[in-house]
Amino acid sequence: MVNRMIQGIIAALGLAALWLLMSGLYKTLIFVLGTLSVLLTIFIVNRMDKVDGHKLGYDIGIFATIKYLVWLMVEIAKSNWAVTKVILSGKKPENNNMFEVPVTQKSEIAQVIFANSITLTPGTVTVESEDDNFIVHALDFAEGDMDALADMDARVSAIETDNAGAVS
Amino acid sequence: MTALDWIVEIASWIAILMGSAFLIIGAIGTLRFPDFWSRVHAVSVTDSAGMLLLTLGMCIQAGFTLITVKLIIIGVFLFITGPTATHAVANAAFVSGFLPKGADKFRRVIKLADKEAKIAKKRKRSPLKGKL
């Protein structure tokens, strides 16, 4: 119970900070409206928790995630260039392929990060998620693609903390 | 204008022009590619490079102000929702049985998902009832 209250207060402070950044107006009426919105949001979130009782776990290390994001940006730049070349070459993309990629992450958040990273790099789209692999569609499939995706999978697994998967 | 102003102007305009170029390339790809499954990939050029470079360029233009904070928040949200929307479109095509050539081995997955959805629907018609 006390834990829940501390969580609520932290969430309220975060929401208030976000609201102050967004509005940039500091009048009494606006402050009152902002306070009311924050309280209403906390009330609704608290009430929604009774519906499923599903715990949201964030089992990822923050510095490892930042390091991964930097690496992801470089990958996005590379594959953007590859897809741009395909678009501007004037040829039909012929090596369309759909295949399965094994997933090794334990926590849900890391699996979501991996699936969204695949979709975010142009040329590959995550189509469906099964228990232990994703179905991925690639625009211009090459031999090394499976290795590149396995490398990305290992990197996402590396940002998980040790007790990942225990909560959910 | 001082030298620093010039550097800021030039950097921001390079980012904005490159972002616009990627938007146009994405649009060309969407028009030129022959079928649904390749067009999905053309859109993701717009989604990633175009969006990121335009936001970056506008951030440099705005400098250290509240506008930059808002732009960064917009960028982070688009960074997460863009691929999610792409996935939703591709997944909708997949589940409705619209598969690319040579992917017929995945039909079993669709059937499985169909069965699961029916069971889940039967089990909880109204998931919120009695809980609020």
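Mentor: We shall take the helices, then the contact of the chains, then the sheet. Please bear in mind that this is a predicted model.

Trainee: At what angle do helix α2 and helix α3 of chain B pack?

Mentor: Two packed helices are described by the angle between their axes and the distance between the axes. Here α2 (residues 36-62) and α3 (residues 66-95) of chain B pack at about 175 degrees, their axes being 9 Å apart. Because angles over 145 degrees count as roughly antiparallel, α2(B) is roughly antiparallel to α3(B). The residues of this contact comprise 17 nonpolar, six polar and one charged.

Trainee: How many residues does each chain bring to the contact between chain B and chain A?

Mentor: Chain B contributes 33 residues and chain A contributes 30. On the side of chain B, α1 (3-32), α2 and α3 each supply at least two residues, and α3(B) gives the largest share, 11 residues. By class, that side holds 21 nonpolar, nine polar and three charged residues.

Trainee: Which order do the strands of the open sheet in chain A have?

Mentor: The order of the three strands is β1-β3-β2, with antiparallel pairing. β1 (97-102) and β2 (124-129) of chain A have a single partner strand each, so one side of each lacks a neighbour in the sheet. Neighbouring strands are turned by 30 degrees against each other on average, direction ignored. Six bridges join β1(A) to β3 (residues 133-138) of chain A; Glu100(A), for instance, has Ile135(A) as its bridge partner in β3(A).

Trainee: Which strands does α3(B) lie across?

Mentor: α3(B) lies across β2 and β3 of chain A, at about 60 degrees to β2(A).

Methods. Residues numbered from 1 in each chain as written. Chains lettered and ligands numbered in written order. Predicted model: local features only at pLDDT ≥ 70, side-chain atom pairs only at ≥ 80, totals over all residues. Axes fitted to C-alpha atoms, helices over the stretch in contact; angles between N-to-C directions. Helix = DSSP H or I, 4+ residues; strand = E, 2+ residues; numbered from the N terminus. Parallel < 35°, antiparallel > 145°, perpendicular 65-115°, else oblique. Nonpolar A, V, L, I, M, F, W, Y, C, P; charged D, E, K, R; others polar. Contact = placed C-beta atoms within 7 Å. Pairing = 2+ DSSP bridges.
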